[in-house]
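Hello,

I am handing this structure over to you. Please open it first, then read the notes below it.

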Amino acid sequence: MRTHYPESLLHKFSGAVMYGAALVLMGLLLLPGRAAAQSAASQDKIVLPSKTMTIKSIFAEITRQKQYNFFYSNDELSVDTRVTLPSTSMELNELLRATLGGKFTYRINGNTIVISPLGPTTWGGTGRPGRASRRAPARN
């Protein structure tokens, strides 16, 4: 026994199948490009001449190899401080965390790396990007 379906129902069903197939195909085509971009970023390492260097020389190597500029206060960050790194070949984020040692935070804006101290600052902020102090202004 054969079931007969209205032609309009078959037409709607086949259209939905084609639409779904097109979405799946587009997703499959975009997936390799995204994975390749993530893979390239994770393999993009900075190679340093030594494990023990000054912060200033580490920043200079990052600038030379990756064309980043640095923005920080000389009053807050002593770039002549020597740091010992776990490796001479590190990814940018890993290198910055090891260099700044938990006393500073960083934010990457385009090709500029902004270094800020953690904790309270002289202007009353929290030292954390994107968060302002909740202290009410003093009344006289």
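One rule before the findings: two strands count as paired if DSSP finds at least two bridges between them. Bear in mind that this is a predicted model.

**Sheet**

Strands E3 and E7 meet that rule, with 3 bridges joining them. E7 covers residues 112–117, and the two strands run parallel. One of the bridges links Asn69 to Thr112 in E7. On the other pairing, E6 and E7 are antiparallel, with 6 bridges. Phe104 has Pro117 in E7 as its bridge partner.

Together these 3 strands make an open sheet. The order is E3-E7-E6, and the pairing is mixed. E3 (69–71) and E6 (104–109) are the edge strands. Each has a single partner strand, so one side of each has no neighbour in the sheet. On average, neighbouring strands here are turned by 25 degrees against each other, direction ignored.

E6 and E7 also form a hairpin, with 2 residues between them. Gly110 sits in that turn, and its phi is positive, at about 65 degrees. Helix H3 (residues 92–100) lies across E3, E6 and E7. H3 runs at about 150 degrees to E6.

**Aromatic cluster**

The structure has 2 aromatic pairs. Phe59 and Phe70 are stacked, with 4.0 Å centre to centre and 10 degrees between the planes. This pair links distant parts of the chain: Phe59 is in helix H2 and Phe70 in strand E3, 11 residues apart. Both are buried: Phe59 has a relative accessible area of 5%, and Phe70 one of 18%.

Phe59 also pairs with Tyr72. That pair is tilted, with centres 5.7 Å apart and 55 degrees between the planes. Tyr72 lies in the loop between E3 and strand E4 (82–84), 13 residues from Phe59. Is Tyr72 buried, partly exposed or exposed? Its relative accessibility is 27%, so Tyr72 counts as partly exposed. The ring pairs join Phe59, Phe70 and Tyr72 into a cluster.

**Salt bridge**

How many salt bridges does a search of the whole structure find? The count is 1. Arg64 and Glu61 form it, with their closest N and O atoms 2.9 Å apart. Both residues are in helix H2 (residues 55–66). They are 3 residues apart there, so about one helical turn separates them. Arg64 is exposed, at 56% relative accessibility. Glu61 is buried, at 16%.

**Thr54**

Look at Thr54 as well, in strand E2 (residues 52–54). Thr54 is buried, because its relative accessible area of 17% is under the 20% cut-off. Leaving out residues up to four places away in sequence, Thr54 touches Val79, Asp80, Thr81 and Arg82.

**Whole chain**

The protein chain has 3 helices and 7 strands. From the N terminus, the elements run α-β-β-α-β-β-β-α-β-β. Of its 140 residues, 24% count as buried. The accessible surface is about 10700 Å², and carbon and sulfur atoms hold 57% of that. Among contacts with a separation of 6 or more, 52% involve residues 24 or more positions apart.

Best wishes

Terms used:
Residues numbered from 1 in each chain as written. Predicted model: local features only at pLDDT ≥ 70, side-chain atom pairs only at ≥ 80, totals over all residues. Heavy atoms only, no water. Helix = DSSP H or I, 4+ residues; strand = E, 2+ residues; numbered from the N terminus. Axes fitted to C-alpha atoms, helices over the stretch in contact; angles between N-to-C directions. Contact = heavy atoms within 4.5 Å. Buried < 20%, exposed > 50% of the residue type's maximum accessible area, 1.4 Å probe, protein only. Salt bridge = Lys/Arg side-chain N within 4 Å of Asp/Glu carboxyl O. Areas by Shrake-Rupley, 256 points an atom, 1.4 Å probe, with all protein chains shown as cover. Phe/Tyr/Trp six-rings, centres within 6.5 Å; stacked < 30°, edge-to-face > 60°.
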